[in-house]
Amino acid sequence: MAAVGGLLLHVPESPTAAPRTLSGSRRAQARRQAEATKRKHPASREAPPAKRRSEASFLPAERAAAKETQRTFKGKAQKTFSPKKPSVGVSDGTREQKPCVRTSSLFKNNPEIPELHRPVVKQVQEKVFTSDAFQELDLHPHLISTINTVLNMTRMTSVQKQSIPVLLEGRDALVRSQTGSGKTLAYCIPVVQSLQAMKSKIQRSDGPYALVLVPTREVSSLTFGMGFKQPFTWIVPGVLMGGERRKSEKARLRKGINILISTPGRLVDHIKSTKNIHFRRIQWLILDEADRILDLGFEKDITVILNAINAECQKRQNVLLSATLTEGVTRLADISLLNPVRISVLDQHHGQSDPKGRAVPEASPLPAAGEPDSFAIPESLDQHVTLVPSKLRLVSLAAFILQQCKFEKDQKMIVFFSSCELVEFHYHLFVQTLLSRPGAPASGQLLPSASTRLKFLRLHGNMEQEVTIFFSVLKDVAARGLDLPQVTWIVQYNAPSSPAEYIHRIGRTARIGCRGSSLLILAPSEAEYVNSLASHKINVSEIKVEDILSVLTRDDCFKGSRWGSQKSRAAGPQEIRERATVLQTVFEDYVHSSERRVSWAKKALQAFIRAYATYPRDLKHIFHVRSLHLGHVAKSFGLRDAPQNLSVTALKRRQANLNRADLHKKTRSKHRLAEILRSEYSSGMEAGVAKVKKQKQTRRARGPLPASGQGSEGVSKFSGAALCQLVD
Ligand SMILES: Nc1ncnc2c1ncn2[C@@H]1O[C@H](COP(=O)(O)OP(=O)(O)OP(=O)(O)O)[C@@H](O)[C@H]1O
């Protein structure tokens, strides 16, 4: 089941959007460039530690890698990259002041980009579809016809073919299969089949017969929407989710829910406070996305739930499903399943099926002690990584979005960030600078040929109201809520905190056999993360940052003056630098156009650093706040200088005093805190975090708002978040 805690979706704009006129745009561009030229660049103040300093620094060191530059750019490499003097050019037959863009600030003093010696590993792969139809299963004809006509599915996926017969036989099962392989229906079908076949017809007032636990509210809605669209109207499914008011959930529980879908946190909340919740008729207990449930620290809540169910009913069927089979998942299986059949789609090749194609109980291929887990990755998914110096991160992300979504057709992209604040920041920044708006005045902050083909949406944990809107938007766009089958690109702007999280993020594309690609953006100092992924049999190939930025040469609105009259000239590194600087200047001008926006960008920067400080211990040698160069990172927030009062230690101390003590008290787990801070998955029931959110809201009411008045600040309820964009 798809689960994305927060995302920003990007849909085609109305074709009526009026593009701005070129002449006005050129003037605005010239003004921006003039300002950029006038500005004093603080390059020397931003110099990185001596260890990583290099003179000319677009590539690992331009001079050292001149050959590489020529190979990649297919143009003539420039020998020197000193700031250029303003020049006068001729345009459209009129003499016009065309100042040059200074390139020193963005491209000087960057750390070297190391050669990526990526170990090539053989990825674990699974076959998604079988040739077998649902008709081959012993199911009620109405159920088959609903699957065929309402859900529009004919052939079973491998996991469905292996799991459904086992579950229909009444066995407990531990099911492992890659993301997007159809695990939800693998349990929904047997549950519905068994409940409709009960001798005494189910009454709504009987209460729950099946309990489905999922990690997040989003997943619960989707499970409800997709899996339990069943034809037997007397079986009532229902969802308990954190965003809804407890009172109305209690009322629904009182009326009766036969298939109850909930996040662990929300259910525990009801177990403790709702009198009329009971489990005496439970026949099915499903733990879906068990790895994510554990990642989020819900182990204790699961124990509370198991105890509550065991106290009222002993005999039931238990199913645990997971994309990754970690030690934690096996431990959970040990306590929740009884003599389970272990189904792993990979096992097909290892003779674990009987002659009828049914899986038989057997030990699953768990990693040996000390050996890292390996994850199955869809065959149709191409994974990439790019190493980008901090100063170039923002322009690189924007260039990549433009490359894929403006210059390519039929693209949809989800961009994951490490916090809600980052989603808000990038959403507003891109909407204000990269999009053209009908009737918008020529503010000079919008790119002249700003795209009419792009649209952005966002989703994250601080958006309770907007989640509903988001779902209704998605209904039109993708028809399957957050499970967006046509997503073509997943971009991870901030690295995930675990390989399992990486797998779940990239699992939003290449679903159910479709093609998809992913891009992980790392800083040069984070290159070792690629080895960490390789140890889990995750294979990524490199895209060079200059190849990403070179897309800017396809759009004349990024043109620097030096190239104004040389249309035929091939794009060289210098031109790419100039164009990247034009784009960066657009972002910086927007951010620096008011005090409020500067303070908003600073807060986003703080949120980034806070999230960076929460990487788990085993990744600290790769992601350590001390290795961040604040001046450089500030550039990726459109800030011209690092905020004066922003020292990593002070920030951490302040943050610890403000929030963590409270959160620690509530969660009693450092790991859980880190996950809540970093992960896009949440039940929405984190008491401690909710309290923090309340504090933040109060503070937000007092403090300055971002430009649009919609942003958020501080520690979010769950900060892993994503920005998703979709293009016509
Ligand atoms: N037999 C089928 N034929 C066609 N599409 C299917 C079939 N089974 C499931 N799907 C579709 O595949 C997509 C992924 O299914 P689902 O969300 O259940 O996968 P999953 O394995 O639970 O993924 P994840 O682990 O990422 O949550 C959904 O859009 C679903 O509608």
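## A covered helix

Let's start with helix α16, which spans residues 499-506 in this predicted model. This helix is mostly covered, with 8 of its 8 residues buried.

For the chain as a whole, buried residues make up 63% of the 728 residues. The chain holds 24 helices and 18 strands. Taking contacts between residues at least 6 apart in sequence, 79% of them join residues at least 24 apart.

## Aromatic rings

The model has 14 aromatic pairs. One of them joins F425 and F637 in a tilted arrangement, with 5.4 Å centre to centre and 45° between the planes. This pair links distant parts of the chain: F425 belongs to helix α14 (residues 420-434), while F637 lies in the loop between α21 (630-635) and α22 (648-667), 212 residues apart. F425 and F637 are both buried.

F637 also pairs with F608; their ring centres are 6.0 Å apart and their planes meet at 50°, so this pair is tilted. Here too, distant parts of the chain are linked, with F608 in helix α20 (residues 595-612) and F637 in the loop between α21 and α22, 29 residues apart. F608 is buried, as is F637. Zooming out, ring pairs link F425, Y529, Y590, W600, F608, Y612, Y615, F623 and F637 into a cluster.

## Arginines over rings

The charged end of R155 sits over the ring of F129, 4.8 Å from the ring centre. In the other case, the charged end of R393 sits over the ring of Y493, at 4.3 Å from its centre.

## The parallel sheet and its helices

Now for the strands. An open sheet is formed by 7 strands in the order β7-β8-β6-β9-β10-β5-β11, and the pairing is parallel. At its edges are β7 (237-240) and β11 (341-344), each of which pairs on one side only. From one strand to the next, the twist averages 15°.

Within this sheet, strand β6 (residues 210-213) pairs with strand β8 (residues 259-262) in the parallel sense over 4 bridges. To place these strands against each other, look for L213, which stands opposite S262 in β8. Helix α8 (residues 246-255) packs on the sheet and touches β7 and β8, with its direction making about 155° with that of β7. Helix α6 (residues 183-196) lies across β6, β8, β9 (284-287) and β10 (317-322), and runs at about 175° to β9.

## Two crossing helices

What is the crossing angle between the axes of helix α13 and helix α19? The axes of α13 (residues 393-406) and α19 (residues 573-591) cross at roughly 105° and come within 10 Å. Angles of 65 to 115 degrees count as roughly perpendicular, and α13 and α19 are therefore roughly perpendicular to each other.

Which residues meet where these helices touch? From α13 come L394, V395 and A398, and they meet A580, L583, Q584 and F587 in α19. An α-helix has 3.6 residues a turn, so residues three or four places apart point the same way.

Technical notes
Residues numbered from 1 in each chain as written. Predicted model: local features only at pLDDT ≥ 70, side-chain atom pairs only at ≥ 80, totals over all residues. Heavy atoms only, no water. Buried < 20%, exposed > 50% of the residue type's maximum accessible area, 1.4 Å probe, protein only. Phe/Tyr/Trp six-rings, centres within 6.5 Å; stacked < 30°, edge-to-face > 60°. Lys NZ or Arg CZ within 6 Å of the ring centre and 35° of its normal. Pairing = 2+ DSSP bridges. Axes fitted to C-alpha atoms, helices over the stretch in contact; angles between N-to-C directions. Contact = heavy atoms within 4.5 Å. Parallel < 35°, antiparallel > 145°, perpendicular 65-115°, else oblique.
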